[in-house]
Amino acid sequence: MRVRGRLTGAGLGIAAVAMVGLSATAASAQPAESIGTKAEAANVPVHVTSDAYIRSVPATTGAVWGNVQFGDDQEAICFTEGGDAGLGGRTSNVWVQLDQWGPSNGYVTELALQNGHAGMPHC
């Protein structure tokens with residue numbers, strides 16, 4: 001897996017603030033021993049067909065942690081519903097969680113992937 005862009009300066013501060021709010025929710029939502037096990041069990045290869053941002057949450061309002069570019073191959077974990085995203089005149093509220101982007105797993109709209117969320121479990 002290729003990692004593009006590193007968080008520095010203000011971007012790191014924004015991501016840290018976002019993660020403080022998310023980590024308390026995520027930690028309380030599932031037992032500690034189960035956190036991270038889906039990433040190991042369900043990685044699905046995906047092929048990127050359009051440039052798109054990788055976000056901290058499944059919505060266009062989430063912090064940008066990086067980007068995927070046309071032709072990239074990534075590892076996905078699962079899909080979930082979130083805020084609407086638009087790409088190439090289409091819209092979707094389905095987001096795919098990518099393995100290890102930023103301080104945690106990031107999300108990309110399914111519209112940027114060759115087969116959307118096909119073959120992935122729901123998060």
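The stops below begin with the overall picture and then go to single residues.

**Before you select anything.** This is a predicted model, in which local features need pLDDT of at least 70 and side-chain atom pairs count only at pLDDT 80 or more, while totals for chains, interfaces and linings use all residues. Residues are numbered from 1 along each chain as its sequence is written, and side-chain values use heavy atoms, with hydrogens and water left out.

**The whole protein.** Show the cartoon and follow the chain from the N terminus: the elements run α-α-β-β-β-β-β-β, that is, two helices and six strands. Helices (H or I, at least four residues) and strands (E, at least two) are DSSP runs, numbered from the N terminus. Of the 123 residues, 36% are buried, where buried means under 20% relative accessible area, exposed means over 50%, and partly exposed lies in between (1.4 Å probe, protein chains only). If you look at contacts (heavy atoms within 4.5 Å) between residues at least 6 apart in sequence, 59% of them join residues at least 24 apart.

**The disulfide.** The link of Cys 78 and Cys 123 is right-handed, with 90° about the S-S bond. Cys 78 lies in strand β4 (residues 73–87) and Cys 123 in the segment after β6, so the pair ties together parts that are 45 residues apart in sequence. Cys 78 is buried, with a relative accessible area of 1%, whereas Cys 123 is partly exposed at 36%.

**Met 120.** Now select Met 120, which is also in the segment after β6 (104–109), and which counts as buried because its relative accessibility is 8%.

**Pro 58.** Finally, go to the loop between β2 (52–55) and β3 (64–68), where you will find Pro 58. Is Pro 58 buried or exposed? At 19% relative accessibility, Pro 58 counts as buried. Beyond neighbours within four places in sequence, its contacts include Trp 95, Tyr 107 and Gly 83, and the C-alpha atom of Gly 83, 25 residues away along the chain, is separated from that of Pro 58 by 6.4 Å.

Definitions and conventions:
Disulfide = S-S within 2.5 Å.
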